[in-house]
Amino acid sequence: MIRSLLSNDLPRSLPLALILGVILICLALAPFLFPGVRTVDTAARICVFIVLVASYDLLLGYGGIVSFAHTMFFGIGAYGVALASTHMGRGFDSIAVGAVAGALLAAILALVIGLFSLRVRAIFFAMITLAVASAVAVLVSQLSGLTGGEDGLTFKTPRELGPAFKFGKEAFDGVLFGVKLNGKLLAYYFIFIGALVLFLAMLRVVNSPFGRVLQAIRENDFRAEAIGYRVVYYRVAATCLSAAVAALAGSLYAVWLRYVGPDTSLSMEIMIDILLMVVIGGMGTMYGAVIGATLFVLAQNYLQNLMGAASELTSGLPLVPELLNADRWLLWLGVLFILSVYFFPTGIVGRLRNNG
Amino acid sequence: MTAAPEHAPKMAEVTFRDRIAPHMPVLLVPLIAIAGFIAIQNPSSWLTLTVSGLAMGMMIFIMASGLTLVFGLMDVINFGHGAFVSVGAFVGISVLMLLGHMTEAPSLMLNLGAILLAVIGAMLATGLMGWAFEKVIVEPVYGHHLKQILVTMGGLIVVEQLIIVLWGPEEIYILRPEALKGAITFAGAAIEKYRLVAVGVGLVVFLAMRWVLRRTKIGLIVRAGVENGEMVQALGYRLRLVFVGVFIAGSALAGLGGVMWGLYQEVITAHMGNHAMILIFIVVIIGGLGSVEGCFIGALLVGLLQNYIAFIEPKAALISNIALMVAILMWRPMGMIPVVKAK
């Protein structure tokens, strides 16, 4: 049962299996284990980013293609839900329409970009996606009539997913294990289950024959072509698939935040975050996405406080406080990123698997 | 026995199309200028826009030329190239601020002297940084595109953050030197003086680069290295050293471009290199990766088109560059002047 759920791609290492198990249990029971607005918000962010990073890993780790437009696809999904909910009224139908439309648009855009760049050279893709993504980000902030510009859009999700909706009054008196049974709880589980399904689907994809061909192309595209696989088709298909899943992750994020804006869904910073998560977790394994996203989001939320404290402690020294300033944490992540590409390109998962 | 058919070799006349094909990229620049003239229909605004387009193109070329050569020579794609642009701008502007008495004086010579000093400072700093960047970041990942992209992107993040640590997170507004402020009027068109300087510097850099590449021995080695590196090495040249030299020169040029770009925009931020990268990539792709001439033509095209479109339809200017790139890649998928590798 578990074997088929995980598409026969088991963790293959005891520590890794334990870590993954702990993450799964924590995320599944997050509202009960860590009640509190901020912790549940962190858990939801982790769920969304696991899907987003896994979809990026499909491209980077399995396909060997670097894209800088992944936040663009993420943003398309988020804006899809926001626009549909604004114009069609709140409801599950508008979420579904927005998510499907966003995923389709993302896939079509990926198809066009992919056909243009991948047929020539895989590195064109990295450069072209960087250019296109920045143009789209500027476009979204300029077209304020449609997208709300820099302010973004605030919209209403179905009543069942809002904090005002209460349920379980008769059976549990509205409280279960000390947690209020309201729409926010339902919204969390909506995100969690959505993320879990998408993640398992992606695990299935990378362990399918299609995923194997992708890996072969990553290792040696010339040889793969010689064996008879059309490299361009496979690469473009991977791009489209990964774009569509990223858009769906964006939709989930929009449902959770009930807001979209350039900073939360389109900015280059998120792109860099995704890159860091993939590399630190481990390229070329879906489990790397889980570990990378979890570690990174936790660090983002809690490490900054630590750095702020360290900065205050060293306030007597020259330059050191600025280096340790909480706003400079990207500096240290950048250093960590370079070091991990050099010294352990397979990331945490690769390390654990080798030792186990 | 029949006689052998009369020997009548036929040489098909080269069609006009075939004859013009190699020169098409060069002809595109005047073509776009003429198209802009037809669309704008006002000679004086057209002249203003053309000069500013050329100035912008020249600056982009200065920033992009190093990137394209580095790729051509060693197949190294440097996503951190924008870091040199930012560092160049910050160092250069800091020098200019120190030389306040020279920039505020109304004498052209003193002003140009100050700019020259700033440029030298910026180029020295970025050249040194290029050397360190090559040693620390690029060298361990030769021949591995994926890692190159990731690592150089990481380098860009680190450098950007270090700039914020050293110069603070706020954007810095700057004033151009006295003699370069304002505009001159020529044939009814107002042309900013600084843009003329930018066009001049760009032309000088392009011609100097062409001269080095075409007429000197080191240029010969570089061109041969782009075409077939292994053969050059087999002939006994240490291509590795040449490559480091080209990397340093390219970084210094990016620094020069950064100073000029900063003075052009009159504001510098730590992220300016990142924004410049987008234009640089577009130019390098449409020019053909590795080709200096292609890069030059591409930069002029981007500069001109962006200025014309911004005048005609401001909203469309955002996507005009992308549209140009798409059109060129449909016409020539490897860029306008593709570099042919002998393999």
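The legends below describe several views of a predicted model with chains A and B.

**Notes for all views.** Residues are numbered from 1 along each chain as its sequence is written, and chains are lettered from A in the order in which they are written. Because the model is predicted, local features need pLDDT of at least 70 and side-chain atom pairs count only at pLDDT 80 or more, while totals for chains, interfaces and linings use all residues.

**View 1. Chain A as a whole.** Chain A has 19 helices and four strands; helices (H or I, at least four residues) and strands (E, at least two) are DSSP runs, numbered from the N terminus. The radius of gyration of chain A is 21 Å, close to the 21 Å that the globule rule gives for 356 residues, so chain A is as compact as a globular protein of that length. The radius of gyration is taken over C-alpha atoms, and the globule rule is 2.2 Å times the number of residues to the power 0.38. Along the principal axes, the C-alpha trace of chain A spans about 65 × 55 × 50 Å. Of the 356 residues in chain A, 49% are buried. A residue is buried if 20 or more other C-beta atoms lie within 10 Å of its own, exposed if 12 or fewer, and partly exposed in between, with C-beta atoms placed from the backbone.

**View 2. Chain B as a whole.** Chain B has 14 helices and four strands. Its radius of gyration is 22 Å, close to the 20 Å that the globule rule gives for 343 residues, so chain B is as compact as a globular protein of that length. The C-alpha atoms of chain B fill a box of roughly 100 × 55 × 35 Å along the principal axes. Buried residues make up 49% of the 343 residues of chain B.

**View 3. The side of chain B that touches chain A.** Here 30 residues of chain B are in contact with 32 residues of chain A; two residues are in contact if their C-beta atoms, placed from the backbone, lie within 7 Å. Helices α7 (145-167), α12 (272-287) and α14 (317-331) of chain B each supply at least two residues of this side. The most comes from α7(B), with 14 residues. By class, this side of chain B has 24 nonpolar, four polar and two charged residues. Ala, Val, Leu, Ile, Met, Phe, Trp, Tyr, Cys and Pro count as nonpolar, Asp, Glu, Lys and Arg as charged, and the others, Gly among them, as polar.

**View 4. Helices α3 and α12 of chain B.** Helix α3(B) (residues 43-74) packs against α12(B) at an angle of about 65°, with the axes 9 Å apart. Axes are lines fitted to C-alpha atoms, for helices over the stretch in contact, and angles run from 0 to 180 degrees between N-to-C directions. The crossing is right-handed; a crossing is left-handed if the near helix is turned anticlockwise from the far one by less than a right angle, and right-handed if clockwise. Residues of α3(B) in this contact include B:I60, B:M63 and B:L67, and those of α12(B) include B:A276, B:L279 and B:G287. The contact has nine nonpolar, two polar and no charged residues.

**View 5. The loop residue B:Q41.** B:Q41 lies in the loop between α2 (24-40) and α3 of chain B. Phi of B:Q41 is positive, near 60°, in a residue other than glycine. B:Q41 is exposed, with 8 other C-beta atoms within 10 Å.

**View 6. The loop residue B:E266.** B:E266 is in the loop between α11 (239-265) and β4 (267-268) of chain B. B:E266 is not a glycine, yet has a positive phi of about 65°. With 12 other C-beta atoms within 10 Å, B:E266 is exposed.
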